Amino acid sequence: MWEAALVFGGKMSVMIRTTLAIIGKLINDVLSFVIFSILDVLDLVLCFVYKVIDFFIEAEWKPCYCSSPKEAMSGTGRILVSEKGQSKKIVCLTSTKIQLEEISDTLYTRPSLVAEVSKTTVKELKRRKINDATTMVASINKSTVRSSSTFTVNNTIVEMLQEKIGGHKSHPIPRWSDCDCDTCNSWSNACKDTLFVHTDGPKDNVGDDVLFIHGFISSSAFWTETLFPNFSKSTKSAYRLFAIDLLGFGRSPKPHDSLYTIKEHLDMIERSVLEAHKVKSFHIVAHSLGCILALALAVKYPNSVKSLTLLAPPYFPTPKGEQATQYMMRKVAPRRVWPLIAFGASLACWYEHVSRTICLLICKNHRIWEFLTKLITRNRIKTYLIKGFCCHTHNAAWHTLHNIICGTAGKIEGYLDTVQNRLSCSVHIFHGEDDELIPVECSSNVKTKVPRANVNVVEKKDHITIVVGRQEAFARELEEIWKTSKLIG
């Protein structure tokens, strides 16, 4: 009798938890639909508001991605773009280093939530009624997407390229909506057009080199305030440690006319670290978005990378029939109000002008937020995470998010294949078990592409605490990885 009662109680407990989970999901779905539908409208309103303000303060319109593609001609090069509804293709492009293939279509193809739900509903109804016809249409759409995603371009990109190759009037530095503090703009007074690089270890190249690449809206402080103080003296005497602020973040340059493509990011890393410090071979440690740059760098220098350590790599294999860039955008920014980190990612990814407003309120006034944090906590915590989160421009964050995270979605699989087949270095992956932004399955996905990768899922750690809070332990783990790589080499 007692056993029957325990079994019944266990079943009831499972039913209650399942019911609560269903109710919670329903509430989240309804709230998300309402809130993001409102944000769709708000973003359109803010578009006009910022155009007016930009015009009165800077005497010109700031291009945005709300407008449809159009035909445009540059000053020294020719860029032809079809009108909406026609075949979209670049006919000619000269006198620029920017490769249009690296510009993500998610910059200007972000359907509203209502439109997307309607499209999904209609698609599902058609699928149920006429499966065969839907299969044929999907096949046609798939070929259309593949042919146009690489070449589709928006007039905002055209205008930005015109500034780069045609000598058009440049915006003031900083812009009125960007922070004007010395930290955020230290690069504008420097003679060299290179990244900010925090170096530690021996001055001469007597040992191995290690490159640290931070994630989205972060900075080199993510490493220098956590890991660097915890490395042993022997490590600091044997390794040169380079922690960079990526282009557009921290104390690195934040050019207003940059599209922050993967080529631009890699060029700056090469110029600022590999060439400037005569780095021949090196270890890489990267977090989140930085993992994509780390993979691209490893593919470019397959014989130079000694070890590859990735923390929370954002790899979502694209299902058959899906467009890689759009699928990635929906995975990292699912337009849900919960969890909060997903809500923040959705605001940053889907809404150009709402995210600019957030940057205006937070980034431009980061000194106030830092002061309040210190005041509330009575200086009990360091504010390096807040500085890293706030020290960027909207232009840098917006384009980096779309052109690196979303834009490279179709390339990551190729990167991983190259790592598996051409690189002989060790591959180590660390992932927080409680990461709500980049789920643990991403590391498992990498493991399927690179079977030799050593995956370490850390319990009770998330996207940030995978390093912050366990920096001493992680420093020892890295030292062991580098030591083992040296013995193997």
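Colleague: Which cysteine sulfur is closest to the sulfur of cysteine 66, and how far away is it?

Modeller: This is a predicted model, in which local features need pLDDT of at least 70, side-chain atom pairs count only at pLDDT 80 or more, and totals for chains, interfaces and linings use all residues. Residues are numbered from 1 along each chain as its sequence is written, and side-chain values use heavy atoms, with hydrogens and water left out. A disulfide is a pair of cysteine sulfur atoms within 2.5 Å. The closest sulfur is too far for a bond: it belongs to cysteine 47, at 3.7 Å.

Colleague: How many disulfides does a search of the whole structure find?

Modeller: Cysteine 181 is in no disulfide, as the nearest cysteine sulfur, that of cysteine 179, is 3.4 Å away. For the whole structure, the search finds a total of zero.

Colleague: Is cysteine 181 buried or exposed?

Modeller: Buried means under 20% relative accessible area, exposed over 50%, and partly exposed in between (1.4 Å probe, protein chains only). Cysteine 66, at 38%, is partly exposed. Cysteine 181 has a relative accessible area of 7%, so this residue is buried.

Colleague: How many of the 14 residues of H7 are buried?

Modeller: Helices are DSSP runs of H or I with at least four residues, numbered from the N terminus. Buried residues of H7 include Ile262, Leu266 and Val273. The helix is mostly covered, and the number buried is ten.

Conventions. Helix = DSSP H or I, 4+ residues; strand = E, 2+ residues; numbered from the N terminus.
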